[in-house]
Amino acid sequence: MADEEAEQESGSPGGDLLELRRLRERLLELETGLRESAQPAVQAATEYCTQLCQTLLEYAEKWKTSEDPLPLLEVYTVAIRSYVKARPYLTSECENVAFVLERLALSCIELLLCLPLDLPESKWEEFQAFVQVAHKNLMENGSRELHILTTLTQEKGVWKNPVLCGILSQEQLDPEKVLGMDC
């Protein structure tokens, strides 16, 4: 146990993997609790969203994004994946349901925009594919909260998105290009 704690504190890949495994287990517990809840749907969804946010805060603060943002991106990916699995059990009557996923997607976008360099190509392609599948699955439940993240990840890197680059360079944007984003 002391070895695990030392490894975890060192920020080594083994410690990161251990923490991510614990995160997955905790999120699975939350999903199972939601699925098996005898509470009214709105109350169960509110409880799930609250617990999800608390869990993410607990795990996200374990990594310093200034040193290595990739573990935090993995935390966001694990959280989105878990949310996608739980979404069929979440009622849209609970205002937190859409809000939590929107904030999670925006946090993920913010992290991607703060990366000093583009992700390695294989990591970006893996993330890109994940976002596309997650968005498609959420759309089946009428959830569009990942749309901006999906749009941003359609290019070969976050800084390759022509609309984003146009906004940042203060260029006149082609309305057809912007409107084609379905914002």
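Is S82 buried or exposed? With a relative accessibility of 7%, S82 counts as buried, where buried means under 20% relative accessible area, exposed means over 50%, and partly exposed is in between (1.4 Å probe, protein chains only). Keep in mind that this is a predicted model, where local features need pLDDT of at least 70, side-chain atom pairs count only at pLDDT 80 or more, and totals for chains, interfaces and linings use all residues. Residues are numbered from 1 along each chain as its sequence is written, and side-chain values use heavy atoms, with hydrogens and water left out.

**The overall picture**

- The protein chain has 9 helices and 0 strands; helices (H or I, at least four residues) and strands (E, at least two) are DSSP runs, numbered from the N terminus.
- Reading from the N terminus, the elements go α-α-α-α-α-α-α-α-α.
- The protein chain has 183 residues, and 42% of them count as buried.
- Take the contacts in the protein chain with a separation of 6 or more: 66% of them are between residues 24 or more positions apart. Contact here means heavy atoms within 4.5 Å.

**How α4 sits against α3**

- Two packed helices are described by the angle between their axes and the distance between the axes.
- Helix α3 (residues 41-60) and helix α4 (residues 70-86) have axes that come within 10 Å and cross at roughly 165 degrees. That makes α3 roughly antiparallel to α4.
- About those words: axes are lines fitted to C-alpha atoms, for helices over the stretch in contact, and angles run from 0 to 180 degrees between N-to-C directions. Angles under 35 degrees count as roughly parallel, over 145 as roughly antiparallel, 65 to 115 as roughly perpendicular, and the rest as oblique.
- On the α3 side, the contact is made by Y48, L52, L56 and A60, and on the α4 side by L72, V75, A79, S82, Y83 and A86.
- Sorted by class, the residues of this α3 with α4 contact are 9 nonpolar, 1 polar and no charged. (Ala, Val, Leu, Ile, Met, Phe, Trp, Tyr, Cys and Pro count as nonpolar, Asp, Glu, Lys and Arg as charged, and the others, Gly among them, as polar.)

**How α4 sits against α5**

- The axes of α4 and helix α5 (residues 95-114) come within 10 Å, crossing at roughly 155 degrees. α4 and α5 are therefore roughly antiparallel to each other.
- Here the crossing is left-handed.
- From α4, the residues L72, L73, Y76, A79, I80 and Y83 meet V97, A98, V100, L101, L104, S107, C108, L111 and L112 of α5.
- The class count for the contact of α4 with α5 is 14 nonpolar, 1 polar and no charged residues.

- S82 belongs to helix α4. Not counting residues up to four places away in sequence, S82 touches L27, E31 and Y48.
- L34 lies in helix α2 (residues 13-35) and is buried, with a relative accessible area of 7%.
- Leaving aside neighbours within four places in sequence, L34 is in contact with A44, A45, Y48, A86, Y89 and L90. L34 and Y48 are 14 residues apart along the chain, and their C-alpha atoms are separated by 6.4 Å.
- L146 is in the loop between α6 (121-139) and α7 (147-152), and is buried with a relative accessible area of 1%.
- Not counting residues up to four places away in sequence, L146 touches I80, L101, A105, A134, H135 and L138. L146 and L101 are 45 residues apart along the chain, yet their C-alpha atoms are separated by 7.5 Å.

- A pair of aromatic rings is described by the distance of the centres and the angle of the planes.
- The structure holds 2 aromatic pairs. Rings of Phe, Tyr and Trp (its six-membered ring) pair if their centres lie within 6.5 Å, and planes under 30 degrees apart count as stacked, over 60 as edge-to-face and the rest as tilted.
- W124 and F127 have ring centres 6.1 Å apart and planes at 45 degrees, so the pair is tilted.
- F127 and F130 also form a tilted pair, with 6.4 Å centre to centre and 40 degrees between the planes.
- W124 and F127 are 3 residues apart in helix α6, about one turn of the helix, and F127 and F130 are likewise 3 residues apart in α6, separated by about one helical turn.
- Both W124 and F127 are buried, and both F127 and F130 are buried too.
- Put together, ring pairs link W124, F127 and F130 into a cluster.

Definitions and conventions
Left-handed = near helix turned anticlockwise from the far one by under 90°.
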